[in-house]
Amino acid sequence: MRVIRPVILLMLSQLPAVGMAIEEPKFEILAERESYEVRAYDPYIVAEVSVTGGFEDAGNDAFRILADYIFGNNTGDEEMSMTAPVDSRADDTGTKMAMTAPVLSTGAEEGGQRFRYAFVMERKYTLESLPKPRDQRIRLREIPTRTVAVRRYSGFWSESNYEKNRIALLEALQRDGVRIIGNPYLARYNPPFMPWFLRRNEVIVEIERASLRL
């Protein structure tokens, strides 16, 4: 162990800061509980796509589609610097937008074979000013103001890890008498090269604010 720890620290010191200081949606922390946090989010815009496949394969397919959009495969004509590296091919005539966080994904639909993934758009954009996707599978929409419960966890982006924390969050909310009004979804904040034990993952679900005991 005395040999392994310095090697790990050296490896981490060489990692880029990508994903550590990129833009996120604005929110206010309303309460902190033993196993979750309550937040009030401002409205924000997402680009989303629905894909078919398994838990991990669907995410890879969706990421390629959405990354292609934000890195230039759209109807814009300005170029902007990006804040996170993504392996994708883009049309140089389109607008290149910055990577933000988190990447959002819903649970399975249609018998466990269809998932919805979304990239959060930069706050400077509106639905009117965002470049239109050339890929018709991509939808742009605004997520309205809402109150959510959030359970944060680290580790691998596996279905089993997500399910364990999803169940823990729902059980905690039921115990506290908090009414759930939406479906849980997964938020991922880090790039794939981030070591699993440093990743910030969250299970998020919309709740009824009036049911909170603040």
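Helices and strands are taken as DSSP runs, numbered from the N terminus. The model described here is predicted.

Strands contribute to the lining of the second largest pocket. At least two lining residues come from each of strand 3 (44–52), strand 4 (103–106), strand 5 (114–120), strand 6 (139–143) and strand 7 (146–153). The space in this pocket amounts to about 430 Å³. Its lining consists of 21 residues, among which Thr106, Arg116, Arg141, Asn183 and Tyr185 are the closest to the centre. Sorted by class, ten of the lining residues of this pocket are nonpolar, five are polar and six are charged.

Helix 2 spans residues 55–70. From first to last C-alpha this helix of 16 residues reaches 23 Å, which is close to the 22 Å expected at 1.5 Å a residue. Its buried residues are Phe55, Ala58, Gly59, Ala62, Ile65, Leu66, Ala67, Asp68, Tyr69 and Ile70. These buried residues pack against strand 3, strand 5, strand 6, helix 3 (159–175) and strand 8 (185–188). Just after helix 2, a positive phi of about 130° is found at Gly72.

Ala58 is placed in helix 2. With a relative accessible area of 0%, Ala58 falls under the 20% limit and is therefore buried. When neighbours within four places in sequence are left aside, the contacts of Ala58 are Val51, Gly53, Phe115 and Tyr117. Ala58 and Arg116 stand 58 residues apart in sequence, and their C-alpha atoms are 8.8 Å apart in space. Arg116 is also among the residues closest to the centre of the second largest pocket.

In soluble globular proteins, nonpolar side chains tend to be buried together. The largest nonpolar core of this model holds 40 residues, of which Tyr36, Tyr69, Ile70, Phe119, Met121, Leu173 and Ile207 touch the most other members. Two or more residues of this core come from each of strand 1 (27–32), strand 2 (37–41), strand 3, helix 2, strand 5, strand 7, helix 3 and strand 9 (201–206). The most is given by helix 2, with eight residues. Apart from neighbours within four places in sequence, Tyr36 is in contact with Ala149, Val150, Leu169, Ala172, Leu173, Arg175, Asp176 and Val178.

One cavity of 30 Å³ or more was counted. The volume of the largest cavity is about 40 Å³. Pro25, Tyr41, Tyr44, Pro102, Leu104, Val120, Arg146, Tyr185, Tyr189 and Ile204 line the largest cavity. Nine of these lining residues are nonpolar, none is polar and one is charged. Tyr185, which lines this cavity, is also one of the residues closest to the centre of the second largest pocket.

Val120, another residue of the cavity lining, lies in strand 5. Its relative accessible area is 5%, under the 20% limit, so Val120 is buried. Leaving aside neighbours within four places in sequence, Val120 makes contact with Pro25, Tyr44, Ile45, Val46, Thr100, Ala101, Pro102 and Leu104. Of these contacts, Pro25, Tyr44, Pro102 and Leu104 also belong to the lining of the largest cavity. The C-alpha atom of Val120 is separated by 9.7 Å from that of Ile143, a residue 23 places away along the chain.

Note on methods: Residues are numbered from 1 along each chain as its sequence is written. This is a predicted model: local features need pLDDT of at least 70, side-chain atom pairs count only at pLDDT 80 or more; totals for chains, interfaces and linings use all residues. Side-chain values use heavy atoms; hydrogens and water are left out. On a 1 Å grid over the protein atoms alone, a cavity is a set of points where a 1.4 Å probe fits but cannot get out, and a pocket is an open set with protein on both sides within 12 Å along at least five of seven lines; lining residues have an atom within 4 Å of a point. Grid points are joined across faces, edges and corners, and a volume is the space filled by probe spheres set on the points. Helices (H or I, at least four residues) and strands (E, at least two) are DSSP runs, numbered from the N terminus. Ala, Val, Leu, Ile, Met, Phe, Trp, Tyr, Cys and Pro count as nonpolar, Asp, Glu, Lys and Arg as charged, and the others, Gly among them, as polar. The expected span of a helix is 1.5 Å times one less than its number of residues. Buried means under 20% relative accessible area, exposed over 50%, partly exposed in between (1.4 Å probe, protein chains only). Contact means heavy atoms within 4.5 Å. A nonpolar core is a set of buried Ala, Val, Leu, Ile, Met, Phe, Trp, Tyr and Cys residues joined through side-chain atoms within 4.5 Å.
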